[in-house]
Amino acid sequence: MGRALCLLAAFRPGDAELTLAELARRTKLPKPTAHRLLGELAEWELVERTENGHRLGVRLFELGALAPLQHRLREAAGPFLADLFETTRSTVHLAVLDGSDVVYVHKLGSRHGPTLQSRLGGRMPAYCTGVGKALLAHAPQAVQQEVIGHPLQRRTPRTIVAPGLVLREIRAVQGRGFAAEHEESAKGIACVAAPVLGTDRRAMAAVSVTRWAHQIDVDRLAPAVHAAAVGIAGVLRSG
């Protein structure tokens with residue numbers, strides 16, 4: 001089972017499909033073993049065979065939708081994200097923290113904004129994203145240290161990679177209640193994010209609004225993003 005899961009985890013954001021050779025290379029599995037395991041995954045509809053290789057199957061998305069926490073989170077967040085989208089006319093994200101990454105669990109894309117790498121179920125490093133900073137600001141100190149304890153990749157010239165500066169940025173989020181990211185994850189893109197806090201002040205999720213960097217108005221967007229996060233938190237607590 002572990003090796004089969006490695007095959008599923010080998011898919012990355014932007015991978016529409018992968019060849020057997022590429023899957024074997026990424027997982028370091030012998031091709032015959034990878035081929036056999038992919039056949040078993042295909043029987044369960046967790047992967048699908050294509051003309052040139054394999055892609056993730058629809059059953060994965062069905063199973064993900066059944067996860068109680070994620071389903072409840074999306075259900076609670078839906079109306080607030082829709083309102084935020086209508087108010088800002090910008091791309092809206094809902095994300096959770098998984099290790100050192102953020103995972104996007106909901107997205108409302110704007111036709112007038114930039115094309116983003118984010119996708120449902122996709123991952124991005126937490127240290128260079130608005131939602132990631134908002135989540136890390138209210139994560140246990142051990143999680144914060146784990147993130148900055150590894151070499152941080154400079155994704156753009158403005159990515160903050162010095163551990164001390166990343167930690168200072170995270171702590172600043174705690175004080176002001178929202179996070180801002182200016183061209184740190186991708187050139188030309190900026191966002192404002194706020195944490196969805198539980199009763200223990202830990203972040204259950206984070207909400208963000210993303211725009212072109214030259215169009216972002218942090219002071220105007222921050223209250224709307226914060227209000228959406230507070231609204232989602234209120235529904236989750238009452239439920």
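Predicted model: local features only at pLDDT ≥ 70, side-chain atom pairs only at ≥ 80, totals over all residues.
Side-chain values rest on heavy atoms, with hydrogens and water left out.

## The chain as a whole

The chain holds nine helices and eight strands; helices (H or I, at least four residues) and strands (E, at least two) are DSSP runs, numbered from the N terminus. Of its 239 residues, 46% are buried. Here buried means under 20% relative accessible area, exposed means over 50%, and partly exposed is in between, with a 1.4 Å probe and protein chains only. The chain exposes about 12,500 Å², and carbon and sulfur atoms supply 55% of that area. Accessible areas come from the Shrake-Rupley method with a 1.4 Å probe, and for residues only the protein chains shown count as cover.

Contacts (heavy atoms within 4.5 Å) tell us how the chain meets itself. Among the contacts with a separation of 6 or more, 55% join residues 24 or more positions apart.

## How helices pack

Two packed helices are described by the angle between their axes and the distance between the axes. The axes are lines fitted to C-alpha atoms, for helices over the stretch in contact, and angles run from 0 to 180 degrees between N-to-C directions.

| Helix pair | Crossing angle | Axis distance |
|---|---|---|
| α1 (residues 2-9) and α3 (residues 31-43) | roughly 85 degrees | within 10 Å |
| α6 (residues 130-137) and α8 | about 75 degrees | 8 Å |
| α7 (residues 141-148) and α8 (residues 163-176) | roughly 145 degrees | within 10 Å |

Take α1 and α3, whose axes cross at roughly 85 degrees. That makes α1 roughly perpendicular to α3. Angles of 65 to 115 degrees count as roughly perpendicular, those under 35 as roughly parallel, those over 145 as roughly antiparallel and the rest as oblique. From α1, the residues R3, A4, L7 and L8 take part, and from α3 the partners are T33, A34, R36, L37, L38 and L41. By class, this contact has seven nonpolar, one polar and two charged residues. For these classes, Ala, Val, Leu, Ile, Met, Phe, Trp, Tyr, Cys and Pro count as nonpolar, Asp, Glu, Lys and Arg as charged, and the others, Gly among them, as polar.

Next come α6 and α8, which pack at an angle of about 75 degrees. That makes α6 roughly perpendicular to α8. K133, A134, L136 and A137 of α6 touch E169, I170, V173 and Q174 of α8. The residues in this contact are five nonpolar, one polar and two charged.

Helix α8 also meets α7: Q144, Q145 and I148 of α7 are in contact with P163, V166, L167, I170 and Q174 of α8. This contact has five nonpolar, three polar and no charged residues.

In α2 (residues 20-27) we find A21. A21 is partly exposed, at 38% relative accessible area, whereas E22, L23, A24 and T27 of α2 are buried. The cover over the buried residues of α2 includes α1, α3 and β2 (54-56). A21 and K31 are ten residues apart along the chain, and their C-alpha atoms are separated by 6.8 Å.

## Two buried residues

A229 sits in helix α9 (residues 218-238) and is buried, at 1% relative accessibility. Not counting residues up to four places away in sequence, A229 touches A194, P195, V196 and V207. In sequence A229 and L94 are 135 residues apart, yet C-alpha to C-alpha they are 9.5 Å apart in space.

S185 belongs to the loop between β6 (179-182) and β7 (189-197). With a relative accessible area of 11%, S185 is buried. Leaving out residues up to four places away in sequence, S185 touches M124, C128, T129, R155 and T156.

## Residues with positive phi

Most residues other than glycine have a negative phi, and most peptide bonds are trans. Against that background, E183 has a positive phi near 55 degrees. E183 lies in the loop between β6 and β7 and is partly exposed, at 21% relative accessibility. R201, not a glycine either, has a positive phi of about 70 degrees. R201 is in the loop between β7 and β8 (203-212) and is exposed, at 52% relative accessibility. K28, which follows α2, has a positive phi near 60 degrees.

How values were computed. Residues numbered from 1 in each chain as written.
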